[in-house]
Amino acid sequence: MQNEVMFAGFGGQGIMLIGQMLAYAGMGEGKNVVWIPSYGPEMRGGTAYCTVVVSDKDIGSPIIDRPESIAVLNRPSLDKFHTRVRGNGLLIINTSLIDATTDRSDIDVLNVPANQIAMEAGTGKAANMCVLGAYVGRTKAVTLESLRGLVRYQFKSKPQFIDVNLRVLEKGYELGEQLATKNN
Amino acid sequence: MAKKLMKGNEAIGEAAIQAGCRNYFAYPITPQSEVAEYLSRRMPEVQGHFVQAESELGAANMVFGAAATGELVFTTSSSPGVSLMSETISYIAGAQLPAVFVNIVRGGPGLGGILPAQSDYFQATKGGGHGDYRLLVLAPATVQEAVDLTMLAFQLAFKYRNPVMILGDGMIGQMMEPVEFKPPPPAADLPSVETWATTGAKGRKCNIAHSLFLDPEALEKNNHVLAAKYKVWQKDEIRFATYNLDNNPRLLIVAYGTMARICSTAIDELKQKGVEVGLIRPITLYPFPAAAILQHAKKIGKVISVEMSMGQMVEDVQAAVGHDIHVGFFGRAGGIIPSPDEVVQALEAELRA
């Protein structure tokens, strides 16, 4: 079993962080993991992304050209990456910031109003947790419990943010389990 | 020890510390600046020394100086920076001093780009600097292997009193994978430095670290001493890994570093189509596993070198198998990493050829 995902958005949305949390969670569950950031010249306001592989076996290529899942948190990422989702794969769209969708009918689309959910819970900054929750709720790449532990660890120096991040993570997880909107 | 998730660059820095190294001199350059960032914090914790030099020349010559005193010392850089260091690497090799150089390779020539490449193979294995010298060149394919080989590099540098190079593509530096730091052999296992290190000559004969031999007889004698070491490497230090060689493959791939991992995924994909392809992954690029490649090439009959360059290692592969066996080549350059699917297509084309 191998799960591959790309998280994409703009700098400051916590893209690298949720990728690393997924990798830590997989490692904690005894799986092989690799996390790769986008690095290279990038325009301000452009896209930042990372890819994560979580696998039961040794990971061959760490580079995933066509991931089975991609989560896009802003419009430029949707435009740039929706064609890269592997056939029969999953595209998660942050509909709070993206008023467009994909014309592909060969993939599943999961619409998640991540910023809205995060703001309702108390802080729009936690939108990334919603997306991470939705991805894991849908794919079960790691367990929710592993992620909960990582949220507590990640915010141990700012404990006032633990509860809100946990609530957003769990809300995203529920959406991932329930909202399987087929695009066609 | 529990596994940690670490970026390759940081893991290399920590591995050097775990190996006992307390001297790091460097100048930042993408894609390996995280080594310096990490060690600027970590070195003071272990009472070590980190100097951010004024240039790569400065850093390399600080390495030369520390190495002359018998200390464990290393530096890290990326391609254009390693070119600047190459003069000093030649001096260190000539003076027979132990030092570790890490090159996290980016595309070239010139300033090139900042994305991963394997286009410094020639520089690392054939010289870079001037004169009759060799580096022992180690090429990791995972972050764990980057850790293990960095620790090994110090042992080998002292064993042979010779600079050792870690050659990793940019991806090895940038990606995060779980790593475990195995306890290194105790520092007491390092050979004694008394006969050569410049530690103060009170009560003993003066040691001089130098690479200048104006008397041609003396210089040739030094050349022979170096050559004798390199001959021992051919016997004792060749390292490589293999993949899927036991299933009567129809094609033999030779690839190293990140490229070898991409090839292993391509091999898995071809296996599902009923096509068997094998892989030899050199871990030491110098000394090169020529005999192993020849042995398998004779059985398989068809060989391809797959690289993130315009074709460098392919020359050593061709030299290893001789001219009766054709060696194909597939590569991408400029910082582009071929996908497993692209490699599959290249391998299928080679099988049809």
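This is a walk through a predicted two-chain model, one selection at a time.

**Before you click**

Residues count from 1 along each chain as its sequence is written, while chains are lettered from A and ligands numbered from 1 in the order in which they are written. Because the model is predicted, local features need pLDDT of at least 70 and side-chain atom pairs count only at pLDDT 80 or more, whereas totals for chains, interfaces and linings use all residues.

For the complex, the predictor gives an ipTM of 0.92 and a pTM of 0.95.

**Stop 1: chain B as a whole**

The C-alpha trace of chain B spans about 70 × 50 × 40 Å along its principal axes. Its radius of gyration is 20 Å, which agrees with the value near 20 Å for a compact globule of 353 residues; that radius is taken over C-alpha atoms, and the globule rule is 2.2 Å times the number of residues to the power 0.38.

Of the 353 residues in chain B, 54% are buried. Buried here means 20 or more other C-beta atoms within 10 Å of the residue's own, exposed means 12 or fewer, and partly exposed is in between, with C-beta atoms placed from the backbone. Among contacts in chain B with a separation of 6 or more, 80% link residues 24 or more positions apart; a contact is two C-beta atoms, placed from the backbone, within 7 Å.

**Stop 2: the two domains of chain B**

Colour 4-236 as domain 1 and 240-352 as domain 2; the bounds come from an automatic or database domain assignment. Their centres, taken over C-alpha atoms, are 28 Å apart. Where they meet, 27 residues of domain 1 are in contact with 22 residues of domain 2.

On the domain 1 side, select helix 5 (121-126), strand 6 (136-138), strand 7 (163-169), helix 7 (170-174) and helix 8 (216-236) of chain B, the elements that give two or more residues. Helix 5 gives the most, with 4 residues. By class, this side has 17 nonpolar, 7 polar and 3 charged residues. In that count, Ala, Val, Leu, Ile, Met, Phe, Trp, Tyr, Cys and Pro are nonpolar, Asp, Glu, Lys and Arg are charged, and the others, Gly among them, are polar.

**Stop 3: the largest nonpolar core**

Bring chain A back and show A:C130, A:V131, B:L138 and B:C263, the residues with the most contacts inside the largest nonpolar core, which has 178 residues. Such a core is a set of buried Ala, Val, Leu, Ile, Met, Phe, Trp, Tyr and Cys residues joined through C-beta atoms within 7 Å. Its largest share, 12 residues, comes from helix 6 (residues 143-160) of chain B, and domains 1 and 2 of chain B each supply at least three residues.

Now centre on B:C263. Leaving aside neighbours within four places in sequence, B:C263 is in contact with B:I253, B:A255, B:L279, B:V306 and B:V343.

**Stop 4: where the chains touch**

Here 16 residues of chain A are in contact with 21 residues of chain B. On the chain A side, helix 1 (15-28) and strand 2 (32-37) each supply at least two residues, and strand 2 has the largest share with 5 residues. That side has 11 nonpolar, 4 polar and 1 charged residues.

**Stop 5**

Most residues other than glycine have a negative phi, and most peptide bonds are trans. Go to B:T30 and B:P31, joined by a cis peptide bond with omega about 5°; B:P31 is in the loop between strand 2 (23-26) and helix 2 (33-45) of chain B. Another cis bond runs from B:Y286 to B:P287, with omega near 0°.

B:N244 is partly exposed, with 17 other C-beta atoms within 10 Å. In chain A, A:K140 has a positive phi near 55° and lies in the loop between helix 4 (127-139) and helix 5 (144-154).
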